[in-house]
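Dear colleague,

Please find the structure below, handed over for your own work. My notes on what was found in it follow directly after.

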Amino acid sequence: TPDATQGEIYPAGRDVSTFRVDDDLLQESELKATITVENAAEGILRIAPSGQIVLANRAAVSILGYDSEEDLICQGPEIDTAMFVDPNDRHLIIERLARSPETSLQCRLYRKNGSVIWAAMKLRVIPEANGAISCMEKYLSAL
């Protein structure tokens, strides 16, 4: 604070080094998380509220019969509805997630080539701070 009568300034400081996040540690943690998701045995999909897949790991790509993550993502937001053989399964998921942030079910899914597989699906909603849905995560295992 300045003291105009004396022509002096009185500074105050505080050591905040304990509050700083080590950038190297943060990058290492992010890399480990990415590797874990990529190499998970079960398929992992992250889906925006619009239905657009924004993340798909290798297992999800393989289970659904696509060539790559990009191939699956570029299918557009309709893929989240179109992958279900029985459209009521998706409606059931939406209803359940409206009551609880997590649910699961077994259902039939279309693969890219049109063949049908049975899959066990676990789902959870990722909320934003204001409570709105940020995205949904689907965990898939072929039966």
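The side chains of Asp-80 and Arg-90 are joined by a polar contact of 2.9 Å, and a second polar contact, of 2.4 Å, links the side chains of Asp-80 and Lys-138. A polar contact here is a pair of N or O atoms within 3.5 Å; within protein, one must be able to donate a hydrogen and the other to accept it, and residues adjacent in sequence count only if both atoms are side-chain atoms. Asp-80 belongs to helix α4 (residues 79–82); helices (H or I, at least four residues) and strands (E, at least two) are DSSP runs, numbered from the N terminus. With a relative accessible area of 0%, Asp-80 is buried, where buried means under 20% relative accessible area, exposed over 50%, and partly exposed in between (1.4 Å probe, protein chains only). Leaving aside residues up to four places away in sequence, Asp-80 touches Ile-47, Gly-51, Arg-90, Met-136 and Lys-138, contact meaning heavy atoms within 4.5 Å.

Please note that this is a predicted model, in which local features need pLDDT of at least 70 and side-chain atom pairs count only at pLDDT 80 or more, while totals for chains, interfaces and linings use all residues. Residues are numbered from 1 along each chain as its sequence is written, and side-chain values use heavy atoms, with hydrogens and water left out.

Helix α5 comprises residues 87–99, and its buried residues are Asp-89, Ile-93 and Leu-97. These lie on the same side of α5 because they cover an arc of only 70° around the axis, the arc being that of the directions from the helix axis to the C-beta atoms. An α-helix has 3.6 residues a turn, so residues three or four places apart point the same way. Asn-88, Ala-98 and Arg-99 are exposed on the other side of α5. The packing partners of the buried residues of α5 are β5 (102–110), β6 (116–127) and β7 (133–142). At the start of α5, the backbone nitrogen of Asn-88 has a side-chain oxygen of Asp-86 within 2.9 Å.

The largest pocket has a volume of about 240 Å³. Of its 16 lining residues, Ile-94, Leu-97, Val-125, Ile-133 and Met-136 are the closest to its centre. On a 1 Å grid over the protein atoms alone, a pocket is an open set of points where a 1.4 Å probe fits, with protein on both sides within 12 Å along at least five of seven lines; lining residues have an atom within 4 Å of a point. Grid points are joined across faces, edges and corners, and a volume is the space filled by probe spheres set on the points. At least two lining residues come from each of α5, β6 and β7, and α5 supplies the largest share, four residues.

Cys-107 is buried at 1% relative accessibility, and Cys-135 is buried with a relative accessible area of 6%.

Finally, Gly-65 sits in the loop between α2 (58–63) and α3 (69–73) and is partly exposed, at 25% relative accessible area. Gly-65 and Asn-113 are 48 residues apart in sequence, yet 7.1 Å apart in space, C-alpha to C-alpha.

With kind regards
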